[in-house]
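Hi everyone, thanks for making time this morning.

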Amino acid sequence: MGNAPVKEVAQAAAVSVSGTESVAAKPKCKACCACPETKKARDQCIIERGEDHCGDFIEAHKRCMRSQGFNV
């Protein structure tokens with residue numbers, strides 16, 4: 001009744017958020033196993049200093065995860 005299918009709406013939202021339509025590569029491993037170096041540094045910083053003081057480590061891990069094909 002004039003409603004777009006859910007998949008089309010989700011795709012349109014993803015395109016409008018990112019500004020471009022790009023297909024991310026399928027992750028080669030599970031999220032828990034990806035980017036162990038940045039994950040370890042991020043976790044250690046959060047334990048020692050708290051999340052508010054670890055923005056650079058958190059962003060570095062997000063960039064690594066995105067490069068591995070994860071949508072974070």
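Let me start with a question: in which helix is Cys64 found? Cys64 sits in helix H3, which covers residues 55-67. When I say helix, I mean a DSSP run of H or I with at least four residues, numbered from the N terminus.

Before going further, a word on what we are looking at. This is a predicted model, where local features need pLDDT of at least 70 and side-chain atom pairs count only at pLDDT 80 or more, while totals for chains, interfaces and linings use all residues. Residues are numbered from 1 along each chain as its sequence is written, and side-chain values use heavy atoms, with hydrogens and water left out.

Back to Cys64, then. Setting aside neighbours within four places in sequence, Cys64 is in contact (heavy atoms within 4.5 Å) with Cys35 and Thr38. Thr38 is 26 residues from Cys64 in sequence, yet their C-alpha atoms are 7.5 Å apart.

The partner to watch is Cys35. Cys35 and Cys64 form a disulfide, with 2.0 Å between their sulfur atoms; the rule here is a pair of cysteine sulfur atoms within 2.5 Å. Cys35 lies in the loop between helix H1 (6-18) and H2, and Cys64 lies in helix H3, so the pair ties together parts that are 29 residues apart in sequence. The torsion about that S-S bond is about -95 degrees, so this disulfide is left-handed. Both Cys35 and Cys64 are buried, and here buried means under 20% relative accessible area, exposed means over 50%, and partly exposed is in between, using a 1.4 Å probe and protein chains only.

How many disulfides are there by this rule? The count comes to two. The other one joins Cys45 to Cys54, again with S to S at 2.0 Å, and with -90 degrees about the S-S bond that link is left-handed. Cys45 is buried at 6% relative accessible area, and Cys54 is buried at 0%. If you number the bonded cysteines in sequence order, the pairing reads 1-4, 2-3.

Cys29 is partly exposed at 31%, whereas Cys32 is exposed at 51%.

Staying in helix H3, let's look at His61. His61 is buried, with 7% relative accessible area. Not counting residues up to four places away in sequence, His61 touches Ala34, Cys35, Thr38, Lys39 and Arg42.

Finally, the charged pairs. The structure holds two salt bridges, each a side-chain nitrogen of Lys or Arg within 4 Å of a carboxyl oxygen of Asp or Glu. One brings together the side chains of Asp43 and Arg42, at 2.7 Å from N to O; Asp43 is partly exposed at 28%. The other links Lys62 with Glu59, their closest N and O atoms being 3.5 Å apart. Those two are three residues apart in helix H3, so about one helical turn separates them. Lys62 is partly exposed at 31%, and Glu59 is partly exposed at 34%.

That's my tour, and I'm happy to go back to any part of it.
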